[in-house]
Amino acid sequence: GGSAANTMAAFASLGGKGGYIGKLANDQLGNVFRHDIKASGIYFDTPPLEDGPPTARCLILVTPDAQRTMCTFLGACVWLGPGDLNTAMISSAKVTYLEGYLFDKDRAKKTFQKAAEIAHAAGKEVALTLSDPFCVKRHRVEFLELVKNHIDILFANEAEIMELFEAKTFEEAAEAITGLCKIAVLTRSDKGSLIISKDQFLKIPPEPVSRIVDTTGAGDAYA
């Protein structure tokens, strides 16, 4: 399910009430995922893809020094379309969270825009994670348009935000995003994080650990 599903699973584990919209194939892996996410207490009713690629999966390679790279097959999830959106669920959600990995397909771009329009029409907020600097590079203009016109809360790591603005430094990128959306949350690996609003820069220092085993799921690592 990627970052959106992981976010909902963590949110539910903390007592939050959340729902997930994502496309699976009608196969063994898809059925396992459907069972597990619903067992986590997350509402999920997106109909499966009956004819097309199999359910997405990701192979993660971890080096002896704990760095990781992800080999991702998006599979059925890129077939998510505007017709899969649950209008009632989006309208009732305080925040609708969009996963940037899907942005390679025109169908997904339309789905993102429609989801944001539904949320804003209901007076709610929309969050986006940029997900991948290579995806941002491929669709920079459209991502910028999405952020400017539809996003209230943006999540990005250092490489992604610099790619979005073609910035030479992180500081330049941080200045460019200021005021463009309500809140920008920028992660910088061992340099900590930065939360930016229109009138505030909040620096979050890193939490050192004695031994790093695996950065999978860290959220701000990239390869």
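Predicted model: local features only at pLDDT ≥ 70, side-chain atom pairs only at ≥ 80, totals over all residues.
Local features are reported at pLDDT of at least 70 and side-chain atom pairs at pLDDT 80 or more, whereas totals for chains, interfaces and linings use all residues. Residues are numbered from 1 along each chain as its sequence is written, and side-chain values use heavy atoms, without hydrogens and water.

Helices (H or I, at least four residues) and strands (E, at least two) are DSSP runs, numbered from the N terminus. An open sheet of mixed pairing is formed by six strands in the order β5-β6-β7-β8-β9-β10; two strands pair if DSSP finds at least two bridges between them. β5 (95–99) and β10 are the edge strands, each pairing on one side only. Five bridges link β8 and β9 in the antiparallel sense, and T187 lies opposite S193 in β9.

Strands β3 (residues 57–62) and β4 (residues 68–73) run antiparallel and are joined by six bridges.

In helix α8 (residues 170–177), F170, A173, A174 and I177 are buried (under 20% relative accessible area, with exposed over 50% and partly exposed in between; 1.4 Å probe, protein chains only). Seen down the axis of α8, these buried residues fall within an arc of 100°, so they line one face of the helix; the arc is that of the directions from the helix axis to the C-beta atoms. E171 and E175, on the other side of α8, are exposed. G179, which follows α8, has a positive phi near 85°.
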